[in-house]
Amino acid sequence: IDLNEATIEYSGENNYLLKIENSSVTIKNGTLNLQNTGSAVAVSGNSNVTFENVTIKTSGRGVFVQSAGDTYIKVNSGTVIDSEKPSFYFGSEDASENITLDIFGKINSAMTAIYNISKGKVKINLHGGSEIKAADVGIYNKESGFSLEMDGGLISGGTGIHSIGGKLTIRGGHISATGSKGEAPNTGCAV
């Protein structure tokens, strides 16, 4: 989907601006602006999604992923996802879910940037030039099927990474905690 530098705005009652299910889609060259508390993009099924030189602005979630199969998502370096709620929300109860998220771009959230409560496998790869910034937590995870591989980039939040399970591999990059200890449990911790 080539937006050709256009902006698509939506403020209706649907829970998403764009739904991708069992598809291979590249969204590029424009802006998606969701003005409700839903998700700008919902991804499900076996899907392959690339965000290329696109800006996603939303008062809700950026990308909601609930897959029952294999899903690959790539956020290219020219892409910015800016949301008030989590920019990426993984929330499937299906243990067969297998998601890979490659981030080269910028993700900003007024809450938690990446939020994982999926019962399946969620792998996030952060590459040089990527930025994950949040007022609350950069990356939050509470499941054992989660893995993060950080080869570069920046994670910044009141708490950088809050992971209760899974595997973290950090080879490069920078993790920053901007919160004050005592604001809330684990606030002010990089990891």
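I began with strand β4 (residues 39-44) and strand β6 (residues 61-66), which pair in the parallel sense over five bridges. I took helices (H or I, at least four residues) and strands (E, at least two) as DSSP runs numbered from the N terminus, and I called two strands paired if DSSP finds at least two bridges between them. The model is predicted, so I noted that local features need pLDDT of at least 70, that side-chain atom pairs count only at pLDDT 80 or more, and that totals for chains, interfaces and linings use all residues. Residues are numbered from 1 along each chain as its sequence is written, and side-chain values use heavy atoms, with hydrogens and water left out.

**Around β4**

I looked up a facing residue between the two strands and found Ala42 opposite Phe64 in β6. On the β2 side, I found five bridges joining β2 to β4, again with a parallel run, and there Leu18 has Val41 of β4 as its bridge partner. How many residues of β4 are buried? Six of its six residues are, so I wrote the strand down as mostly covered, where buried means under 20% relative accessible area, exposed over 50% and partly exposed in between, with a 1.4 Å probe and protein chains only.

**Aromatic rings**

I next searched for ring pairs, counting rings of Phe, Tyr and Trp (its six-membered ring) whose centres lie within 6.5 Å, with planes under 30 degrees apart taken as stacked, over 60 as edge-to-face and the rest as tilted. The structure holds four such aromatic pairs. Tyr89 and Tyr115 are stacked, at 5.2 Å centre to centre and 15° between the planes, and this pair links distant parts of the chain, with Tyr89 in strand β9 (residues 88-90) and Tyr115 in strand β12 (residues 114-116), 26 residues apart. Tyr115 also forms a stacked pair with Tyr140, at 5.0 Å and 15°. Tyr140 lies in strand β15 (residues 137-141) and Tyr115 in β12, so the pair ties together parts that are 25 residues apart in sequence.

Are these tyrosines buried or exposed? Tyr89 counts as buried at 17% relative accessibility, Tyr140 is buried at 17%, and Tyr115 is partly exposed at 24%. I also recorded that Phe64, Tyr89, Tyr115 and Tyr140 form one aromatic cluster. Above the ring of Tyr89 I found the charged end of Arg61, 5.0 Å from the ring centre; a charge sits over a ring if NZ of Lys or CZ of Arg is within 6 Å of the centre and within 35 degrees of the ring normal.

**The nonpolar core**

Of its 38 residues, Phe51, Phe88 and Ile124 touch the most other members. Leaving out residues up to four places away in sequence, I found that Phe88 touches several residues, including Val63, Ile73, Leu101, Ile114 and Tyr115, where contact means heavy atoms within 4.5 Å.

**Single residues**

Last, I checked a few residues one by one. Glu5, in the segment before β1 (7-10), has a positive phi near 70° without being a glycine, and counts as exposed at 63%. Asn53, in strand β5 (residues 47-58), has a positive phi of about 50° although it is not a glycine, and is partly exposed at 40%. Ser130 lies in the loop between β13 (121-126) and β14 (131-134), yet is buried at 1%; beyond neighbours within four places in sequence, I found Ser130 in contact with residues including Phe104, Gly152 and Leu154.

Technical notes. A nonpolar core is a set of buried Ala, Val, Leu, Ile, Met, Phe, Trp, Tyr and Cys residues joined through side-chain atoms within 4.5 Å.
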